[in-house]
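Please take a moment with the sequence and the model below before reading on. The paragraphs that follow lead through its parts step by step.

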Amino acid sequence: MAARTAVVVGALGVIGRYIVERLAALPDWQVVGLSRRKGEDRGSIRHIPVDLLDAADTERKLAGLGEAAHVFYCAFQANGAQAADYAKGIGVNRDMLVNAVTAIERVAKRLERVVLVTGTKYYGSHLGPFRTPAKEDDPRHMPPDYYYDQIDWLTAHQSGKTWTWTELRPQTLCGFAPGTAMSIVPVIAVYAAISRELGLPLRFPGKPGAYRAIYQVTDSTHMANAALWAASEPRCANQAYNITDGDYFRWINLWPRIAEVFEMPHAEPQTISLVAHMADKGPLWDAMTRKYGLRPHRYEDIVAWPFGDYVFGCDWDVMTSTTKARRHGFHDVVDSEDMFVRLLAQFRAERIVP
Ligand SMILES: NC(=O)c1ccc[n+]([C@@H]2O[C@H](COP(=O)([O-])OP(=O)(O)OC[C@H]3O[C@@H](n4cnc5c(N)ncnc54)[C@H](OP(=O)(O)O)[C@@H]3O)[C@@H](O)[C@H]2O)c1
């Protein structure tokens with residue numbers, strides 16, 4: 001079978017990395033990854049470093065992508081200091097999509113599908129309580145929200161073309177991608193390791209209401225499986241889907257299990273700002289890196305504290321329905337509590353944290 005070429009835009013992110021790996025593990029895909037940093041080329045994976053905000057340079061660097069049949073768009077730039085404000089970052093996040101898709105489409109005459117990753121902030125999950133479980137055709141919240149600008153542009157741009165789009169809406173990705181703004185597992189892992197090093201029990205650092213509210217996440221590996229399904233399933237043409245692990249949990253039930261992974265006691269929540277309280281822990285982390293022989297990640301790359309404050313500050317239920325994806329053929333599910341235990345144990349085993 002002739003190899004199919006996929007372009008993963010945002011290939012070093014907490015979603016993109018996992019899509020690249022998922023596709024590269026298949027025998028019949030060639031993968032091109034785009035990001036500003038240069039990823040490692042190996043096997044069927046080739047990386048092109050490009051700043052998608054530079055339209056002319058993007059067009060020049062992507063001119064060789066004539067074979068591209070599938071685009072997975074998961075680039076993102078954070079704006080502002082508060083993760084809850086990221087949805088307001090319209091200009092750059094719309095422009096990167098426009099520049100990437102137009103440059104690829106110009107040369108890729110066999111383009112079949114563009115999979116756009118947005119998220120649960122589509123429903124205003126970052127603003128406060130919203131209708132749960134949220135369904136794909138629920139009304140939008142009061143803008144701004146760059147997801148609306150992205151999907152409105154993509155929908156209008158696709159009109160009358162032979163290729164189609166699919167929009168995927170995940171929630172709080174669980175994976176490892178150093179140097180990115182939104183990844184909760186490193187937040188938990190580094191926070192737990194530092195707490196233990198300081199002789200503290202593992203305390204939930206968020207709001208008491210967030211400890212008890214219903215929450216949901218998306219395993220990055222599961223997300224990559226969903227993206228592959230979305231790219232190849234005919235029913236996904238011009239449709240949006242919520243993609244989460246497919247279950248819900250409460251931090252209060254999970255927290256003792258996390259403490260167990262780190263072989264430490266847990267205690268009642270104590271609300272702190274991770275941004276403020278962890279700001280001075282860089283030197284301690286560097287010392288821990290040497291003491292325990294950890295992989296040498298810079299403190300500011302390994303963990304994004306604003307994202308922790310945001311996730312642990314949601315003291316309202318965060319629930320979306322994954323029924324539509326199931327009805328259209330994506331049946332994978334992940335047990336989120338088991339996933340956290342597995343990923344955190346893996347972080348320890350791989351010497352990312354002690
Ligand atoms: N992470 C989550 O928990 C989560 C949850 C729900 C929805 N989402 C949504 O998923 C989408 C992807 O987010 P993510 O968390 O996967 O992002 P991410 O981990 O921060 O990755 C972003 C990617 O975009 C690349 N990038 C940024 N600016 C670029 C530029 N100017 N030119 C080229 N590449 C650029 C980054 O690489 P370089 O830095 O090397 O350029 C990186 O590969 C976003 O819309 C986000 O809102 C994420």
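Two residues are said to be in contact, or to touch, if their C-beta atoms, placed from the backbone, lie within 7 Å. By that rule, and in what is a predicted model, Phe-72 touches Ala-6, Val-8, Val-9, Ile-19, Val-115, Ala-227 and Ala-231, when residues up to four places away in sequence are left out of the count.

Phe-72 also has a place in the largest nonpolar core, a set of 111 residues in which Phe-72, Tyr-73, Ala-100, Ile-104 and Ala-227 touch the most other members. Helix H5, formed by residues 184-197, gives this core its largest share, 9 residues, and the core draws at least three residues from each of domain 1 and domain 2.

These two domains divide the protein chain, with domain 1 covering 4-170 + 219-243 and domain 2 covering 174-216 + 248-318 + 334-349. Their C-alpha centres lie 27 Å apart, and where the domains meet, 18 residues of domain 1 are in contact with 16 residues of domain 2. On the side of domain 1 that touches domain 2, the elements that give two or more residues are helix H1 (16-24) and helix H7 (220-232), and the residues of that side divide into 8 nonpolar, 8 polar and 2 charged.

The ligand, too, involves both domains, for the shell around it draws at least three residues from each of domain 1 and domain 2. Of the 32 residues around the ligand, Gly-10, Gly-13, Arg-36, Gly-119 and Thr-180 come nearest, while the shell as a whole divides into 18 nonpolar, 11 polar and 3 charged residues.

Definitions and conventions:
Residues are numbered from 1 along each chain as its sequence is written. This is a predicted model: local features need pLDDT of at least 70, side-chain atom pairs count only at pLDDT 80 or more; totals for chains, interfaces and linings use all residues. Domain bounds come from an automatic or database domain assignment. Helices (H or I, at least four residues) and strands (E, at least two) are DSSP runs, numbered from the N terminus. Ala, Val, Leu, Ile, Met, Phe, Trp, Tyr, Cys and Pro count as nonpolar, Asp, Glu, Lys and Arg as charged, and the others, Gly among them, as polar. A residue is near a molecule or strand if its C-beta atom, placed from the backbone, lies within 6 Å of it. A nonpolar core is a set of buried Ala, Val, Leu, Ile, Met, Phe, Trp, Tyr and Cys residues joined through C-beta atoms within 7 Å. A residue is buried if 20 or more other C-beta atoms lie within 10 Å of its own, exposed if 12 or fewer, and partly exposed in between; C-beta atoms are placed from the backbone.
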